[in-house]
Amino acid sequence: MMRLFLLLCFCSASVFGQKIHLPHEVEKAAEPAGGLAFLSQFIASNVQIPFMSAIKGVNGRVYIKGIVEPDGSLSQLEISRGLDSLTNKEALRIMGLYKAWQPATLKGEKVRQSMIYPIAFKAPPTPGFDSTKFALVNYFDSQYRGVSDPKKYEYRSILPLDKEGYIKADVVYEQLRGGKWKEISRIPFQKKEVWYKTDVHRIGADSIRAYEVSARDLNGASHSTEAVSQPNGNRLSYTEYGANNKASMIKKYDQKGMVRDLLVTSDSATLHMSWFDNGQVRTVTEVPAPKATEYRERLFVNAWNREGKQIVKEGEGYWKSTSEADGAKLLVEEGPVTAGKKDGKWVGKLADSTLYYEEIYEKGILKQGVVFEDGQKRTYDQAIIQPQFKGGLNRFYKFLGENIKYPMDALSRGVKGRVMLSFVVCEDGSLCDYKVENGLGFGLDDEALRVVKKMSGMWEPGAMRGKLVRVKYNLPINFQF
């Protein structure tokens, strides 16, 4: 055993005893696989500006010094020039995660090379932060529109935060009455232990113990950013909500705290990016924003392998990705893409290489498909069929118009706008799992839910590869005078 230990020590010493070259001393300098743009994107997606630094505003760079090893890893990371202890620690964390380096070469051999890389931290002073309450305080006028002029204050929300910037107590809404703020509603804060289910891009067990923080009202609408974290503080998921309470950005992390999936939603499209476990960007796809009753296929924009070689460029190439099939089985899908769309033969195989489906496409249009499931063969000519209201769109909007009644509370206060609901269309056309994604209050949310619940049984169910499935449906309901 002692001999083996000495041998391991000798091997380790032979590697780290090699000369450390400066960038100008090598024939090809070390660089991120694919180029510096990939590292910049990785940093931008992963950086968590420390809340205590961001409160006052921060604008500077932390310079990280280290050594790019012949295997592409980084060693001996340290601060060359920093900002403060919190940003310095965060900069070291990020660079420690990124391992997708192409090592330096000299005379055809991979060699060790020193490097210095800057990580920028830029954030304006946190708007609305009240240091006496240690909370975010936002002010609104009589129409619940955000304002900064004290003369227009009528309502305000108070979000208590901890030193990490996470919500830590109930969200309180107040109204200005007689020169004093009076509480009118309270959204309960929750910190609960959960078993967070990991998916194909994560490492470790199928699910891990974690803690989820949130503040949601009785309709399920969120009143703060939400996060799921491990007991050691590493994030597992992080969700930000836009002005209409719709999730505008969702990040999912692996157990090391590295972002592996990023969804950014706008009015026009949803952008999805994914990364390998070494920090190399994996895929970029885009889904144009659909109308309420439409389904939009995703566009395959760019893809790389783990070593940084691009295999799909601007919608042209050969795609390969891993996802979940029905029943949470891992599914590996691959096939050619043209102009961002499936083109030619696509094959889906389960993790054990069992054939799951074969599909033939022509410029994004499915010509024929066959799926092998539970010992049976099933053919189809549409991979995905969205649920439809019986009678079509005209009957759908007629039903809404005939059944919606404007709540008197909202009418008397002049409240108008859009309530965004979601629900699930089950295999038999019934509805379940109702949720207010973006609420307005004053009885409008309850009225929207009441009408939607009346539609249960009036839908044709959706289907996936010839099989009836449950489908989540998003529905905006506009309330106007």
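Begin by selecting Y357, which counts as buried at 0% relative accessibility. The model on display is a predicted one. Y356 and Y357 form an edge-to-face aromatic pair, in which the ring centres are 6.3 Å apart and the planes stand at 75 degrees.

**Further aromatic rings**

Across the whole structure, a search finds 23 aromatic pairs. For another of these, select F300 and W319: their rings are arranged edge-to-face, 4.8 Å centre to centre, with 65 degrees between the planes. Colouring strand 21 (residues 299-304) and strand 23 (residues 316-324) shows the setting of this pair: F300 belongs to strand 21 and W319 to strand 23, so the pair ties together parts that are 19 residues apart in sequence. Both F300 and W319 are buried.

Next, display the side chains of F389, F396, Y397, F399, F423, W459 and Y473, which ring pairs link into a cluster.

Select W346 and K342: the charged end of K342 sits over the ring of W346, 4.8 Å from the ring's centre. Then select Y434 and K453, where K453 lies over the face of Y434 at 5.4 Å from the ring centre.

Select residues 155-160, which make up strand 10. How many of the six residues of this strand are buried? Six of the six are, so strand 10 is largely enclosed by the rest of the structure. Show the side chains and follow their directions: Y155, S157 and L159 point one way, while R156, I158 and P160 point the other way, and all are buried. In a regular strand, side chains alternate between the two faces of the sheet.

One place to look is A135, whose bridge partner in strand 10 is P160. Strand 11 (residues 171-177) also pairs with strand 10 in the antiparallel sense, over four bridges. Here R156 has E174 of strand 11 as its bridge partner.

**Helix 4**

Move to residues 85-97, the 13 residues of helix 4. From its first C-alpha to its last, the helix reaches 19 Å, close to the 18 Å expected at 1.5 Å a residue. At the start of helix 4, select D84 and L86: a side-chain oxygen of D84 comes to within 3.0 Å of the backbone nitrogen of L86.

Which residues of helix 4 are buried? They are T87, N88, E90, A91, I94, M95 and L97. Colour their surroundings to see what these buried residues pack against: helix 2 (36-46), helix 3 (51-54), strand 3 (58-68), strand 4 (74-81), strand 5 (101-102) and strand 7 (109-123).

The last stop is an open sheet whose three strands lie in the order 30-35-36, with antiparallel pairing. Strand 30 (384-385) and strand 36 (467-469) stand at the edges, each with a single partner strand, so one side of each is left without a neighbour in the sheet. To inspect one of these pairings, select strand 30 together with strand 35 (residues 462-464); the two run antiparallel and are joined by two bridges. Finish at I384, for which M464 is the bridge partner in strand 35.

Technical notes:
Residues numbered from 1 in each chain as written. Predicted model: local features only at pLDDT ≥ 70, side-chain atom pairs only at ≥ 80, totals over all residues. Heavy atoms only, no water. Pairing = 2+ DSSP bridges. Expected span 1.5 Å × (residues − 1). Buried < 20%, exposed > 50% of the residue type's maximum accessible area, 1.4 Å probe, protein only. Contact = heavy atoms within 4.5 Å. Polar contact = N/O pair within 3.5 Å; in protein donor to acceptor, adjacent residues only side chain to side chain. Phe/Tyr/Trp six-rings, centres within 6.5 Å; stacked < 30°, edge-to-face > 60°. Lys NZ or Arg CZ within 6 Å of the ring centre and 35° of its normal.
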